[in-house]
Amino acid sequence: MSHISNPLSNAEMGATITIGEILVEIMSTTKGRGFLEAQPLTGPFPSGAPAIFIDQVGKLGQKCGIIAAVGNDDFGQLNIDRLRADGVDVSAISVLNDTPTGYAFVRYRDDGDRDFVYSIATSAAGKIQSNKAIDKLIESAGHLHIMGTALTLPGAWPIVQQALTAIKTKGGSVSFDPNMRKELNQSAEIAQRVAYLLDHADLFMPSGDEVSLLGEGRDIRHIIQAWLEGTNKEVVLKQGAKGAVCFRDGMSVERAAIPAVEVDPTGAGDCFGATYVSCRRLGYSPEQALDFANAAGHSAVSKQGPMEGNCGFAELQKILDAN
């Protein structure tokens, strides 16, 4: 499979960038339904799917940056400090005086589902606006990674289109992780944006029933292969504890997950995606990229907090060697 041309731009073409929400996550230390009574909490942890993604790219030693907005408060500073320390270009993160940083309170139920109380679109995350720092970061980029949450953030979509057009024009690449709750996928406007991204994406990274964005039917593999036919695109289907599969036109390769004691699954898919994208941009085969990405997922679920399991290639190699 490795001999087919790689759909992602080489890392030397420029940074991997993303656009979207930065927030803090505060977690209940007890299991149960919701937040209707006082209970012990832990956090704040730096979070937000695009922030978790780009932090892991930074941990892997790759050039990267994020376009986002935070409040002029401790929660915003906590995130900027973490991203900067892990090698992320934070120059295009706006710091707003009049709107607080986004937050998510999370509690796990006994069945593993989660309840949230959050403010994202109504926080600083929903006030991303064009500026020169954003233009400069886009100019430096060779790859754009978009997550479904960015489709619903006020202000983000024109910047997504600007970045996508600029990066594609210079021969760069785009990856799309829908990372969407079905509730978000109802409006015609969101459906159009998803279609636009699928049209332009070189790599599509769905989980579970997100494959239905490609077409209807029971046979997931058939839906994916029909969509890939005649293209040089790639689809990576994330299956959590069941591992992951990379599909190319007419072929596929599967890799098993690395067994882990799950402490907190938040952010595991984002770490997986960041590692897969980074490996492919470095010229690794799909097989190698899946192995490193599975190791990143293993590390992510093993720690409490969305970014706490993020790690570099040396640690990922140790996980692979041990398994």
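A: β4 and β5 run parallel and are joined by four bridges. Helices (H or I, at least four residues) and strands (E, at least two) are DSSP runs numbered from the N terminus; two strands pair if DSSP finds at least two bridges between them. Within this pair, A68 stands opposite I93 in β5. The model is predicted, with local features needing pLDDT of at least 70 and side-chain atom pairs 80 or more, while totals for chains, interfaces and linings use all residues. Residues are numbered from 1 along each chain, and side-chain values use heavy atoms, without hydrogens or water.

The two strands belong to an open sheet of nine, ordered β5-β4-β1-β8-β9-β10-β11-β12-β13, with mixed pairing. β5 (93-96) and β13 (251-255) are its edges; each has a single partner strand, so one side of each lacks a neighbour in the sheet.

Helix α4 (residues 156-169) lies across β1, β4, β8 and β9, at about 145 degrees to β8 (angles of 0 to 180 degrees between N-to-C axes fitted to C-alpha atoms, for helices over the stretch in contact). The 14 residues of α4 reach 20 Å from first C-alpha to last, close to the 20 Å expected at 1.5 Å a residue (1.5 Å times one less than the number of residues). Its buried residues are A156, W157, I159, V160, A163, L164 and I167 (buried is under 20% relative accessible area, exposed over 50%, with a 1.4 Å probe and protein chains only). Seen down the axis of α4, they fall within an arc of 155 degrees, so they line one face (the arc is that of the directions from axis to C-beta atoms). On the other side of α4, P158 and T169 are exposed. Besides β1 (15-19), β4, β8 (141-147) and β9 (173-177), the buried residues of α4 pack against α3 (132-139) and α5 (188-200) (contact means heavy atoms within 4.5 Å). G171 follows α4 and has a positive phi, near 90 degrees.

α5 has 13 residues, which should span 18 Å at 1.5 Å a residue; its end C-alpha atoms are 19 Å apart, which agrees. I190, R193, V194, L197 and L198 are the buried residues of α5. They cover an arc of only 135 degrees, which puts them on the same side of α5. A188, Q192 and D199 are exposed on the face turned away from that side. The cover over the buried residues of α5 includes β8, α4, β9, β10 and α6. Helix α6 (residues 220-228) lies across β10 (203-204), β11 (234-238), β12 and β13, at about 35 degrees to β12.

β4 (64-71) also supplies at least two residues to the largest nonpolar core, a core of 46 residues in which I66, L83 and Y276 have the most contacts (buried Ala, Val, Leu, Ile, Met, Phe, Trp, Tyr and Cys joined through side-chain atoms within 4.5 Å). The largest share of this core, eight residues, comes from α8. Beyond four places in sequence, the contacts of I66 include T18, I22, P50, L83, V88, I93 and L137. A second, separate core of 42 residues includes A156, V211, L237 and F247.

A four-stranded open sheet has the order β3-β2-β6-β7 and mixed pairing. β3 (41-47) and β7 (114-119) are its edge strands, each pairing on one side only. Its twist averages 20 degrees from one strand to the next. Six bridges join β6 (residues 102-108) to β7 in an antiparallel pair, where Y108 stands opposite R114. α2 lies across β2 (23-28) and β3, at about 55 degrees to β3.
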